[in-house]
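Me: I have a protein model open on my screen and I would like to learn how to read it. Could you take me through it feature by feature?

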Amino acid sequence: MKQLNMVINALDKRSHINPEIYGHFSEHLGRCIYKGIYVGEDSPIPNTDGIRNDIIQAFRDIKMPVLRWPGGCFADEYHWKDGIGEKSLRKKMVNTHWGGVTEDNSFGTHEFFNLCEQIGCEPYLAGNLGSGSVQELAEWIEYITLDSGSPMAELRKKNGREKPWKLKYLGIGNENWGCGGSMTPEYYANEYRRYQTYCRNFSGNKLYKIACGPNGDDYEWTDKLLSIVKDWHTSAISLHYYTVPKGDWIHKGSATDFTDDEYYSTISSTLHIEELIKKHSAIISKYSDNIKLIIDEWGCWYDVEPGTNPGFLYQQNTMRDAIATACNLNIFNAHSDVICMANLAQAVNVLQALILTEGDKLVKTPTYHIFGMFAQHQDSELIYSFAENFSVNGIPAVSQSASINPDGSITVTLANCTLDEDIEINSNIVGFSPKSAVATLLTGDVRDYNSFDNPDTVTPTELAISLSDNGFSVTLPKCSVASITLR
Ligand code: AHR
């Protein structure tokens, strides 16, 4: 067994870990909203206003801080007025991006804000810049946030919501370099300036406006966008990066049936996000000290499950995804000086989902459990940590981060990314003497997953930990993730 030393300095606070870094994404895609989160008021599945109670509870349990909606590519063909008012009268449309299915608009603005209220999270709207109009987006903001005295505020009241909602996060378009209009950065940047002008702050609401940033390593997009947008009422730009094994979008491979080589290439591909964060942040800093980075779509993308609609992007989720999640979240913590939000794609039944459903059954994926184990980092201060490391098949064996919580406790999260070596971690903590610890472990074979027949194959267990006056020791089994809270 390898033995590695780790140093943590509780006195060396680096940056605030915004809770929204642990955010999520829900799109009108496949069974994310319909037959997923939203089953309708008449469903035999226990629900509140049509929203599944078990899903709400699961989201609350991991302290979901923010939820992005309605897309994705869907956002740039979504017309919000089709999704308000009496449900039976709502206009139908075809969801051309995702499976060509009929969208009946029964889940719209009121239902989304109701969902966020039930979860207790911030809503994050992606506005339609691709196929909508400035007026349409301006009126959506008015409908949602203006107290009274305008046609939109009165329409909201007529539709049953007297008080305005609070809306902080507003994305102006989605992937406008691609499905959001195939725009050049120059064209989009000028459109952004125009659209955002009419997104007003009403009734004490303050919008945090997010410009569509780059696809992966498109540094030219970031540079050109910011050279035109600058600090032009922009709080953040978004970055989209999906992890695809071997970076091969044609042969992504199965979510559950993969070789060890594919595992290592997946983790290597996921770790590439750190280079993207550093390089895009360096470009941002040329133009502004204030603009932040939001990674509002990230996660692993594999072939759909055999026999399912290719347009629904439904995939299983294994310990490989758990390790990838831990690596990403540790990286986001480490760069929380520039990253103010990140949203995993997607919350239910789509891509690297937190939750899978089938009828009334619900499965929490290994990815879900990692979010639960890392939740303590939310709203904490990143503190200095360093672990000795070694390389296996081109990736570092250990991923780690540490934070100090408002109550004075310390959270340390670790992953052993190897498939064949247990690792003992011996830590030394400066400025903190642990008196007690709660340590949790998620481990299993890298191909293990939770199915509807066996929903608890991969589930958190207690991790043995020994404390000294100035540190702790734990053994991380191969292919495992640990979360340790020290008091
Ligand atoms: O998450 C699935 C899709 O991936 C989103 O709709 C789009 O923004 C991205 O290309």
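Reply: Gladly! Two strands pair if DSSP finds at least two bridges between them; helices (H or I, at least four residues) and strands (E, at least two) are DSSP runs, numbered from the N terminus. This is a predicted model, where local features need pLDDT of at least 70, side-chain atom pairs count only at pLDDT 80 or more, and totals for chains, interfaces and linings use all residues. Residues are numbered from 1 along each chain as its sequence is written, and side-chain values use heavy atoms, with hydrogens and water left out.

Me: How many bridges join β5 to β8, and do these strands run parallel or antiparallel?

Reply: Strand β5 (residues 66-69) and strand β8 (residues 122-127) run parallel and are joined by 4 bridges. Look for Val66, which stands opposite Glu122 in β8.

Me: Which strands close into a barrel, and in what order?

Reply: The barrel has 8 strands with parallel pairing, in the order β2-β5-β8-β9-β10-β11-β12-β13. From one strand to the next, the twist averages 25 degrees. For such angles, axes are lines fitted to C-alpha atoms, for helices over the stretch in contact, and angles run from 0 to 180 degrees between N-to-C directions.

Me: Which helix lies across β11, β12 and β13?

Reply: Contact here means heavy atoms within 4.5 Å. Helix α7 (residues 260-287) lies across β11 (236-243), β12 (292-300) and β13 (339-345), and runs at about 160 degrees to β11.

Me: Now the ligand. Which residues around it come nearest?

Reply: A residue is near a molecule or strand if one of its heavy atoms lies within 4 Å of it. There are 13 residues around the ligand, of which Glu27, Cys73, Glu175, Tyr242 and Glu297 come nearest. By class, this shell has 7 nonpolar, 3 polar and 3 charged residues. In that scheme Ala, Val, Leu, Ile, Met, Phe, Trp, Tyr, Cys and Pro count as nonpolar, Asp, Glu, Lys and Arg as charged, and the others, Gly among them, as polar.

Me: How far is an oxygen atom of the ligand from an N or O atom in the side chain of Gln346?

Reply: That distance is 3.0 Å. A polar contact is a pair of N or O atoms within 3.5 Å; within protein, one must be able to donate a hydrogen and the other to accept it, and residues adjacent in sequence count only if both atoms are side-chain atoms. For Glu27, a side-chain N or O atom is 2.7 Å from a ligand oxygen atom, and a polar side-chain atom of Glu297 also lies 2.7 Å from an oxygen atom of the ligand.

Me: Gln346 makes me curious about its backbone. Which residue is joined to Gln346 by a cis peptide bond?

Reply: The partner is Ala345, and omega is about -10 degrees. Gln346 lies in the loop between β13 and β14 (355-358). Leu351 lies in the loop between β13 and β14 as well, and has a positive phi of about 50 degrees although it is not a glycine. Another cis peptide bond joins Gly71 and Gly72, with omega about 15 degrees; Gly72 lies in the loop between β5 and β6 (93-95).

Me: What joins β24 to β25?

Reply: A hairpin does, through 2 residues. Strands β24 (residues 465-468) and β25 (residues 471-476) run antiparallel, with 4 bridges between them. Ser466 has Ser473 in β25 as its bridge partner, while Ser468 is partnered by Gly471.
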